[in-house]
Amino acid sequence: MKYVVILLVSLLAFLHPFAQSKKGNESKRAQIPIVIGITVDQMRADYIDRFWNDYSNSGFKRLVQFGAFSKNCQYNYMPTFTGPGHAAIYTGSTPAYNGIVANDWFVRKLNKMTYCASDSTVVGVGTNSASGKMSPHYLCATTIGDELKMSNDGKSKVIGIALKDRGAILPAGRTADAAYWFVGGSEGQWVSSSWYIETLPDWVNTFNINPKFAQSYLKEIWNLLLPESCYDESMVDNNPYEIPFKGTIRPTFPHNLDSLSKLNGQYELLKATPQGNKLTVDFALAAIDGEKLGQDTFTDLLCLSFSATDYVGHQFGIQSRELQDIYLRLDLEIARLLNELDKKFGKDNYLIFLSADHAGAPTPSALSKQKGSAGYWNSDSFEMALETHLQEIYGTGDWVINESNQNIFLNRTFIREKKLNLFEIQEKVVQFCNNNANIQSAYTATALAKGNQTDFFAQKAQLGYSNESGDVIYILKPNFMEYGPQGTTHGSPFSYDSHVPFILYGKNISHKTYQGLTHVSDIAPTVCAYLNIGFPSACIGNPVQQMLTLKRK
Ligand SMILES: [Zn+2]
């Protein structure tokens, strides 16, 4: 037995990516200069195959053809929103354990909504507006970056970058050196908050003032990258399922950013165009130089999130040419990033992991037009009907205090005063939900708090549930959503929202396409196993062995 163990240990040591890096003086830790985590906001796993023929050879194709690609990576919880998704990727956990239960959620004791990155105790750095008062203080689990820092007393640098504050802040984690996000409107600046730093470093100031840089990104006419015939994976350009930019009648190319910006939030417009992704890569490259990332013996981590894909998905839908085009252009930005990394650190001498914070649903109005089962939901009228129903049973009163994210919050103080049984009322609400043709299922907080859910979707509700959640959580029927008749959204537990890509690429990673099931909560432990560091505190996933079959020299 002893020999088997020794044999196994030496085999594992041999298979480890850096086992041979220092003969006779083996380093316990990865000798790799930099890890880049890429989150593509709202990227569905099928975009890899759907747009494959139109991608260049050096972006997504390079990652997939030379890296390890998990084709069936799933979110194992609901709600599939941006804040929770970014937190899940980097904590290897779910809202039940990492504290990020939605983008905005209702706080009972304050009787108001809060935002997943808002923090009234900090001030903006580089902005005086409320958009600077952000931090990761709601995050109650460590991230990959936190663990990396703990492995060497903080010598690794960790930086988060995204147009969206939550896309930069939650991945980087609480002990990060800095997170930077983009303030649109009339400002057009990269900013941070006093959680991390007192003043912006010189390289950020230089980037921000570099002759009105944000303006230069608006000097662009967004047209199709490729000939029209390349877009037959998408709908015709002029269709009724897209939201036109303000001030235009049709949602069609070309989109002249400079003239559109006046009615579409000035620099805010950049967030909903491919220029937003270009801006993100430009800033990321400036950060690598400015922060001297990957220059010493301690591995650094850059957490990048591409937010613009999400804005375009919401506005134009997943079947639009705008959506296809922004992915073809993101492909070129990723190619540019890889090329720069090769130059800075040596070819493939880094690790990339890529995933998405959630996927996205087909536009219900378009789907139902094609005889699909789909539709819309109005939570306000549902809440009013529920209130009336409860009044009929229990008498006059304000029984429902909040309905948000398909969570129903009952007036617990009132119920206590009336000496009524909370669980019994929760059950009545569940019955009311079950009588609604557009609701799939509903669960009481009492049942979810007990655990032991066995139904597939109840388990997803369970892993998204915390004591911040409502008294009853309900799931709409597949392809039903609360949204306007054009564009689309996400948030459900269904595959169109939960199925995302997971790619690992770089030093010593072998090519592999893995069809088996992986969960987003496996991403962080996979990266940590590669780096030979501890797993994040609330991690519930496991390293994906099939993606860590490493190259031998
Ligand atoms: Zn998102």
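In strand β17, the residue that forms a bridge with I439 is L476. This pair belongs to a predicted model, and I439 lies in strand β16 (residues 439-444), which is joined to β17 by five bridges in the antiparallel sense. On β17 there is a further pairing, with strand β15 (residues 407-410), again antiparallel and made through two bridges. Here N407 has I473 of β17 as its bridge partner. Strand β17 itself spans residues 472-476, and five of its five residues are buried. The cover extends to both faces: V472, Y474 and L476 are buried on one side, and I473 and I475 are buried on the other.

The protein is divided into three parts: domain 1 (1-31), domain 2 (32-364 + 503-547) and domain 3 (378-437 + 439-476). Between domain 2 and domain 3, the contact takes 13 residues from each. On the side of domain 2 that touches domain 3, α5 (95-98) and β3 (104-107) each supply at least two residues. By class, that side of domain 2 consists of 10 nonpolar residues, two polar residues and one charged residue. The C-alpha centres of domain 2 and domain 3 are 34 Å apart.

An open sheet of 10 strands is also found, with mixed pairing and the order β5-β8-β7-β6-β11-β1-β12-β19-β2-β20. Its edge strands are β5 (124-125) and β20 (512-519), each of which pairs on one side only. Strands of a sheet pair through backbone hydrogen bonds, and the pairing may be parallel or antiparallel. For β5 and strand β8 (residues 189-193), the pairing is antiparallel, with two bridges.

From α11, the contact involves P274, N277, K278, V281, L285 and I288. These residues meet I326, R329, L330, E333, R336, L337, E340 and K344 of α13. Sorted by class, the residues in the contact of α11 with α13 are seven nonpolar, one polar and six charged.

Technical notes: Residues numbered from 1 in each chain as written. Predicted model: local features only at pLDDT ≥ 70, side-chain atom pairs only at ≥ 80, totals over all residues. Pairing = 2+ DSSP bridges. Helix = DSSP H or I, 4+ residues; strand = E, 2+ residues; numbered from the N terminus. Domains from an automatic or database assignment. Contact = placed C-beta atoms within 7 Å. Nonpolar A, V, L, I, M, F, W, Y, C, P; charged D, E, K, R; others polar. Buried ≥ 20, exposed ≤ 12 C-beta atoms within 10 Å, placed from the backbone.
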